[in-house]
Amino acid sequence: MTAAVTAADHGLDVAVLDAAAATGGQYYRSPAPALGATRPEVLHHDWAAYERLAGRFELHRRAGRIRHFTWHQVWAVESTGDTWTLHAVTGPEGTGSAALEARHLLVATGSHERQLPFPGWTLPGVVGAAGAQAMLKSGLALPGRRIVVAGSGPLLQAVAASLVKAGADVPLLVEAAGYTAYAKAPRTLAANPGKLAEGARHGAALLRHKVRVLTRSAVTAVHGGDRVEGVTVSRLNGSWRPIPGSGRHYDCDALAVGHGLVPQLELATALGCATRTGTDGTHALVLDEQLRTTVPGVWAAGEVGGIGGVELARIEGELAALSVVRHARGVATSRGRGHGGRTAALVRGRRRMRAFADVMGAVHRPGSGWRGWPAEDTEVCRCEEVTAGRIRRAVDELGAGDARSVKLLTRSGMGWCQGRTCGFAVRELAGPEDVSAAGTTADRRPFACPVPLSVLAEAAEAAEAAEADRVVDGGCAGEVRP
Ligand SMILES: Cc1cc2nc3c(=O)[nH]c(=O)nc-3n(C[C@H](O)[C@H](O)[C@H](O)COP(=O)(O)OP(=O)(O)OC[C@H]3O[C@@H](n4cnc5c(N)ncnc54)[C@H](O)[C@@H]3O)c2cc1C
């Protein structure tokens, strides 16, 4: 949104294609209109910032400077000379299709949640931590009444605070890392007082609602028949290996669990944009300070450049758009005339927040000991029902040394989600102890999301028709057959 508004402010003709039904992304998710929510701001922090942005967005939309295509999930982008053609599946069921051409492309596809499998994580009543937050913000629904929140990362605090605010009983927040690890980077912390204040605000909310916080601990088993009835929480050593005999049972009827976020890179990697491994062990795009990817004509902003939070995403959106504007206007304004000071301030803000994000990523990066959490029969790839035992056998007995070989031997990652959910876990279970040192690259998939065959057939027909037109235009009409 910030990028679109900034580019439109500077006179560019902007088209926003979004898989969602409304603006706001993951953070500023609005309740579905049918729910008739009158005070959506209650579940959000800094809703005023969103309203200001949404107001500017709407003005541009009415003036025709921004075209907003909701329910347009882009499944592929192709380079067509000096333009890009974006192909999208459209509508709530994703059964329609659309194609759109653009001169400049800015990818801001955000992130999805990182899941680490353990016994019971597929039981009804277990939801993603960020997923619980999304469910609450968009559907005003809770996954249960007594909810344990677990995993790793600062998002857990926000999730627990929202759940208690909405009336849930949250007896426990279980964090696998330790917050004291942040103290190893005092200068980065001091440079980001806003982040400290945010942590303190959440901490106070948890204290007020009597949410007990256990650090260096993890939910290592979920119990129940048809749905969650309780969890086992174990203490972890420094590498996240459960300490034998430390497991304790807690009653609950839901578990909200997530171990951070993973940049959603499918579109960018399909275009050939280079990636790097972040301190959190996930792949993110390589970007320069103007938010250019390694592919000319493609910019990126927000979580695709590494997980860093909404404020950083806003700064990057503005910075990327200003860079696109300079590029669109050509050499005469290449030094950023008119907004050079603003650009410099944004670059400084980005550096400061990226430094904090790096610290955060390192603190909460899953320790290698988590690989012992799944039992032999724990499903790792839910779509293809591939268990940890099968993955371990593929590695130990069949010699698979990486996620790709494991995939070929077990079908992990070949189902509906194409490895978006299990990819990180399979890679870690398949690879050497230190995955980042092994220099792995991000997965490249031909399509960014599931695409109905009818849509692919339509795209093929359109391409054939375009080719026929091209032959006619080229004066070779005689060669075109009906
Ligand atoms: C489920 C979830 C819940 C979260 N909840 C919180 C929270 O409560 N508090 C918090 O601090 N942070 C939360 N985060 C993190 C938060 O999303 C980010 O800090 C912030 O929103 C990043 O902004 P962004 O623009 O990079 O991505 P997002 O806000 O995620 O925006 C990405 C947009 O891209 C669209 N998109 C993705 N792929 C495609 C495609 N192929 N075609 C078209 N559109 C596409 C999505 O529909 C979305 O609108 C959450 C993250 C997730 C994944």
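Predicted model: local features only at pLDDT ≥ 70, side-chain atom pairs only at ≥ 80, totals over all residues.
Me: OK. Which atom of glutamine 26 lies 2.9 Å from an oxygen atom of the ligand?
Reply: A backbone N or O atom of glutamine 26. Glutamate 303 also places a backbone N or O atom 2.9 Å from a ligand oxygen.

Me: And lysine 137, what part of that residue is 3.0 Å from a ligand oxygen?
Reply: An N or O atom in the side chain of lysine 137.

Me: How much of the ligand's accessible area does the protein cover?
Reply: 86% of it. On its own, the ligand has 980 Å² of accessible area.

Me: Which residues come nearest?
Reply: Asp18, Gln26, Val74, Gln133 and Glu303, out of 26 residues around the ligand.

Me: What's the shell made of, by class?
Reply: 12 nonpolar, 11 polar and 3 charged residues.

Me: Which helices and strands each supply at least two shell residues?
Reply: Strand S3 (72-80), helix H3 (129-139) and helix H8 (310-329).

Me: Switching to H3. Which residues there are buried?
Reply: Ala129, Ala130, Ala132, Gln133, Ala134, Leu136 and Lys137. So Gln133, one of the residues that come nearest the ligand, is buried by the cut-off of under 20% relative accessible area.

Me: Last one. What follows H3?
Reply: Leucine 140. Its phi is positive, near 50°.

Terms used: Residues numbered from 1 in each chain as written. Heavy atoms only, no water. Near = heavy atom within 4 Å. Polar contact = N/O pair within 3.5 Å; in protein donor to acceptor, adjacent residues only side chain to side chain. Areas by Shrake-Rupley, 256 points an atom, 1.4 Å probe, with all protein chains shown as cover. Helix = DSSP H or I, 4+ residues; strand = E, 2+ residues; numbered from the N terminus. Nonpolar A, V, L, I, M, F, W, Y, C, P; charged D, E, K, R; others polar. Buried < 20%, exposed > 50% of the residue type's maximum accessible area, 1.4 Å probe, protein only.
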